[in-house]
Amino acid sequence: ARNEVFGPVLVMIPFKDLDEAIAIADKAIGADAKCGAALLVRGKALAGKEDLAAAIKEFDQVTKLAGREPSLIALRADAHVERSKAQYAQGKYLEAVDSCYFAILEKNDHFDAHFNRGLAYLARHEYDKAINSFSRASQLDPKSAAALSYRGFAQGARIFARSPRSASSRASTSPSSCRGSRIVSRHTGTSTRMARPTGTTCSP
């Protein structure tokens with residue numbers, strides 16, 4: 001019940017004020033230690049403060065909540081995605097892929113799960129899988145410029161990777177070779193610093 005009450009507040013919290021978001025979440029958690037929406041808010045605020053390890057612990061609590069209510073399924077899916085973003089920021093790209101996989105198991109039409117899995121695959125230079133993930137995200141939201149842009153980038157990176165001249169430059173490229181960028185969630189309006197995909201340019 002607490003999730004049903006607190007859930008709508010999730011999208012109204014001004015995440016630019018992270019301390020206030022944590023304080024609001026703490027009050028809800030004080031009333032119900034298993035308030036998934038509040039745990040998710042606190043985790044996202046901690047991620048915003050770059051306390052990624054603490055944020056992941058909050059997301060993990062949400063993913064362990066049992067129940068098949070639609071609101072709870074959505075919360076678990078969101079928590080898996082937010083954990084993926086934090087893992088990506090830590091450079092744990094394979095773990096980020098896995099978290100998105102679990103989000104998709106919960107809710108297979110979760111745009112952010114497919115999109116962020118594409119980013120993690122891209123960071124791992126798994127271009128075919130990245131293209132498939134961005135394509136699925138684009139199917140879910142045909143108007144998403146980000147999904148289309150990153151799919152195009154992945155396609156270009158795949159062509160470059162297969163070209164003869166890519167071998168000489170591959171050693172100098174890594175997932176951290178470009179500055180990070182803010183990726184904004186279409187559903188929550190919050191942002192997470194994500195590394196730019198690697199290749200011949202720093203922009204899709």
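How many salt bridges does the structure hold? The structure holds 12 of them, a salt bridge being a side-chain nitrogen of Lys or Arg within 4 Å of a carboxyl oxygen of Asp or Glu. This is a predicted model, in which local features need pLDDT of at least 70 and side-chain atom pairs count only at pLDDT 80 or more, while totals for chains, interfaces and linings use all residues. Residues are numbered from 1 along each chain as its sequence is written, and side-chain values use heavy atoms, with hydrogens and water left out.

Select Arg42 and Glu58, whose side chains meet in a salt bridge with an N to O distance of 3.1 Å. Arg42 belongs to helix α3 (residues 36–48) and Glu58 to helix α4 (residues 52–63), so the pair ties together parts 16 residues apart in sequence; helices here are DSSP runs (H or I, at least four residues), numbered from the N terminus. Arg42 is buried at 18% relative accessibility, and Glu58 is buried at 10%, where buried means under 20% relative accessible area, exposed over 50% and partly exposed in between (1.4 Å probe, protein chains only).

Next, select Glu126 and Arg124, a salt bridge whose closest N and O atoms are 2.5 Å apart. Glu126 is buried at 19%, whereas Arg124 is partly exposed at 35%.

Finally, go to Asp128 and Arg162, which form a salt bridge with the closest N and O atoms 3.7 Å apart. This pair links distant parts of the chain, 34 residues apart, with Asp128 in helix α8 (residues 127–140) and Arg162 in the loop between α9 (145–161) and α10 (166–170). Asp128 is partly exposed at 39%, and Arg162 is exposed at 61%.

Note on methods: Helices (H or I, at least four residues) and strands (E, at least two) are DSSP runs, numbered from the N terminus.
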